Amino acid sequence: MAPPVPPAPVTTRRACARLITGAVTALIVLVIVSVYAGSHDLTPDQVLRALVAPDPGSQAAVLVRQIRVPRTLLAVLCGAALGAAGAVMQAMTRNPLAEPGLLGINAGATAGAVTMMILLGGRGHGSFPLMAAAGAGAATGALIVLGLGYGRSRRGPDPADGPDPVRLVLAGAALSAVLGSYTSLALINWPQVFTTFRHWGSGSLQGASWPAVAPTVAALAAGLAGALACARSLDALSSGDEAGRALGVSVRSTTILAVVSVACLAGGATAAIGPVAFAGLAAPLAVRQFTGPSLVRGLVPAALVAAVMVLAADIIARRIVAPRELPVAVVAALVGAPIFLAVVRSGAVTRR
């Protein structure tokens, strides 16, 4: 049974409600803008006819239904997944500056994707085999880091202990270095892979299609279910393992479930659109200033704010150098970096 969560102060609940309302409103507005605007703008009448009564031979119908709608959905889904993964990582490691890449999940997804590109002869951008390979790489990386996270302490093994959060981060950093070297060697020895990897590896929604939506929805649903299931337990462990055990929390089960949920969330998003930095770091960090360190209160707002960030970054990426596009990861970093610096400069990170 999950431990009870102390009621939040009224001001915190009001701030959380305002944050969710604002994020949902911004997300609705951006979804509308994303469908209308792009390198080729459409009129409201064209969009409505494309959605309600599409003409199979209409260029607007193809553009809206086959390109912009799935692209918009993927931006929202992947942003929400990265925000939720970052919130779980920060709660699990008890570090407000943690992000999903610390577990080697992004590096594992990249290595898996590069391996599939080699097998496909340098093709496969946006294909299901590439997504499956990236997802398998993310899951494998998470399992390796989870296995390395267990270790003997000076007091001897304790069956109630879970993986050491510090050991998990160190194992993730080491695995990321090894897999990063593998990826570099692969790109050097298989130049035909570089062109495909350049689009995927820079975090891009260009070429997003409907086949990528269903696996991303499945990964997001599984990851959110795991995150919600362990949220109360992670909040109980925020004061230390001993305090959590006193409340009946299983450190081992909670940590394993948290790692699996992060693997599903970050791995699914990375497999779909490539690695996107800052969304999984800046969004949960900013949300903590309104909701406090509680994962129960901050999980959904972090997902919504990150979805807003990624979708806004994608719209900017399509418009700023139209008709060409910038990688969404580059724009996301430009959007997220000021948020991150503002929060760190305010000193709020050290007070949490």
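**Exercise 1.** Work out whether Val24 is buried, exposed or partly exposed.

*Solution.* Start with the location: Val24 sits in helix H1, residues 10–36 (helices are DSSP runs of H or I with at least four residues, numbered from the N terminus). Next, take its relative accessibility, which is 34%. Buried means under 20% relative accessible area, exposed over 50%, and partly exposed in between, with a 1.4 Å probe and protein chains only. Val24 is therefore partly exposed.

A word on the model: it is predicted, so local features need pLDDT of at least 70 and side-chain atom pairs count only at pLDDT 80 or more, while totals for chains, interfaces and linings use all residues. Residues are numbered from 1 along each chain as its sequence is written, and side-chain values use heavy atoms, leaving out hydrogens and water.

**Exercise 2.** Describe the setting of Asp314.

*Solution.* First, find Asp314 in helix H12, residues 295–319. Then check its relative accessible area: at 0%, Asp314 is buried. Finally, look for its partners. Setting aside neighbours within four places in sequence, Asp314 is in contact (heavy atoms within 4.5 Å) with Arg71, Leu205 and Val328.

How values were computed. Helices (H or I, at least four residues) and strands (E, at least two) are DSSP runs, numbered from the N terminus.
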